[in-house]
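Subject: Structure for you to look at

Hello,

Here is the structure I promised to pass on. Please open it next to this email and follow along.

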Amino acid sequence: MSSGVRHLYVHLPFCAHRCGYCDFVTLVGGDGELHGRYVDAVIAELELERPVLASTVETIFLGGGTPTFTAAAELARLLATVPPADEVTVEANPETVTLKLARLLSRNGVNRVSMGAQSFDAALLSVLERRARPDDVRRAFHHLRDAGLDNLSLDLLYGIPGQSASDLERDLEEALALGPEHLSCYELEAKPGTRFTHTYGDELARQSEAMEGYFECVVRTLTGAGYRWYETANFCLRPELAGGRDLRARHNLGYWLGRDYLGLGISAVSTVKGQRWRNRPKLGAYVAATARGEAPPREVEPLEEDVRRRERLLLGLRLDEPVPLAGVEAALDPAALARLSKLGLAEQVDGSLTLTERGRFLGGGVTAELLAS
Ligand SMILES: C[S@@+](CC[C@H](N)C(=O)[O-])C[C@H]1O[C@@H](n2cnc3c(N)ncnc32)[C@H](O)[C@@H]1O
Ligand code: SF4
């Protein structure tokens, strides 16, 4: 196996409109010509960075924005240019997925689609300012299946203003009825500076205590339906129900396990051999630099070993598998570990550390306490 980066992320920022709750780097609209110039720029950046990639790439993730809103010919051109990989995931918005598009993805090497359903309740989708209606989500899912895609993930949000516990149960039921291989369920966050936070920030703060119960409902429902709760917010069908397949998201596992990755496109982050860089978000400067054969404007910082150790713990403890302590011990507070072990929240076995089920429900708070200051 060659050394080099085995995980590649490509940011496709275009969206039909901006949902009020979202603070990702996105650009509204754009025509085929603009999308084409952006894809040219991404391909130029790929050529520039190709030497850091391993000869075999394990995973590719096209995220957004709305990758499936990108002009179809440009999306196909990009997919034909990236190296082959074992797992090729594309993020999709339901209203953009026609049977034709699903076939284009499948024909061009995509073998996993992660679709933002968010909810199956029309009123809640309106609160989120989503374009898709519940039927669009179901229709898109069937198109992807009809195109032969056998690894589909759905994103759901909980904590949407006005969403009762029984609304959440119905959303989970609706999602399960489609039989996805994978589900990501996120608590809706009030991102600073968004329209949504301006309107609903106080309401989200008021309901924050109820969210523990919603999270438990998500975990109990999905594990009860045969899914493995393998990461705080992520669930995959158990191998015994999936013909022996391990359906964890391999690309994201790379992040959680602290592996190196290369990110292409505006705002994309890369972590390569002790360095981390983030491309600046401005489209014009990105396109202009790559057209000159130069690296796009970016902030580069050395990634100190102690930061890496802390990240390995912070991210690794989100998983249901123990984190080997060799090499990360210096980031741990031994007194906190003893205290949390006594409380039945963390467990140290054979040189590895894991959170117990109770610890996983409390999540970030427990991990933060475990880290040495
Ligand atoms: C940035 S979106 C990109 C995918 C696609 N455009 C979509 O909207 O579904 C990826 C996922 O991030 C999650 N997300 C975005 N904003 C969020 C927020 N404020 N709180 C929690 N999750 C959020 C959503 O579940 C979404 O599916
Ligand atoms: S479609 Fe997705 S990426 Fe685009 S604005 Fe909405 S949530 Fe953000």
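Is Cys 185 buried or exposed? Cys 185 counts as buried, because its relative accessibility is 4% and the cut-off for buried is under 20%. Keep in mind that this is a predicted model.

Cysteines
A disulfide is a covalent bond between the sulfur atoms of two cysteines. The structure holds 0 disulfides. Cys 185 is therefore in none; the nearest cysteine sulfur belongs to Cys 217 and is 9.6 Å away, while a disulfide needs the two sulfurs within 2.5 Å. Cys 22 is buried too, at a relative accessible area of 19%. That value falls under the 20% cut-off, so Cys 22 counts as buried.

Ligand 2
Cys 22 is also one of the residues around ligand 2.

Helix α11
Next, go to helix α11, residues 305-316. The helix has 12 residues. At 1.5 Å a residue, α11 should span 16 Å. Its end C-alpha atoms are 16 Å apart, which agrees. Which residues of α11 are buried? They are Arg 308, Leu 313 and Gly 316. Look down the axis of α11: these buried residues fall within an arc of 135°, so they line one face of the helix. What do they pack against? Their partners are the helices α9 (250-256) and α14 (364-370), plus the strands β12 (269-272), β15 (323-324) and β17 (352-355).

Leu 8
Leu 8 sits in strand β1, residues 7-12. Its relative accessibility is 0%, so Leu 8 counts as buried. Leave aside its neighbours within four places in sequence, and Leu 8 is in contact with Leu 46, Val 57, Thr 59, Ile 60, Phe 61, Val 82, Pro 83, His 251, Leu 262 and Leu 264. Leu 34 is 26 residues from Leu 8 along the chain, and their C-alpha atoms are separated by 23 Å.

Thr 232
Last stop: a loop. Thr 232 lies between β9 (227-231) and β10 (234-237). Not counting residues up to four places away in sequence, Thr 232 touches Phe 215, Arg 318 and Arg 360. Val 219 is 13 residues from Thr 232 along the chain, with 9.2 Å between the two C-alpha atoms.

Best wishes

Notes:
Residues are numbered from 1 along each chain as its sequence is written. Chains are lettered from A and ligands numbered from 1 in the order in which they are written. This is a predicted model: local features need pLDDT of at least 70, side-chain atom pairs count only at pLDDT 80 or more; totals for chains, interfaces and linings use all residues. Side-chain values use heavy atoms; hydrogens and water are left out. Helices (H or I, at least four residues) and strands (E, at least two) are DSSP runs, numbered from the N terminus. The expected span of a helix is 1.5 Å times one less than its number of residues. Buried means under 20% relative accessible area, exposed over 50%, partly exposed in between (1.4 Å probe, protein chains only). The arc is that of the directions from the helix axis to the C-beta atoms. Contact means heavy atoms within 4.5 Å. A residue is near a molecule or strand if one of its heavy atoms lies within 4 Å of it.
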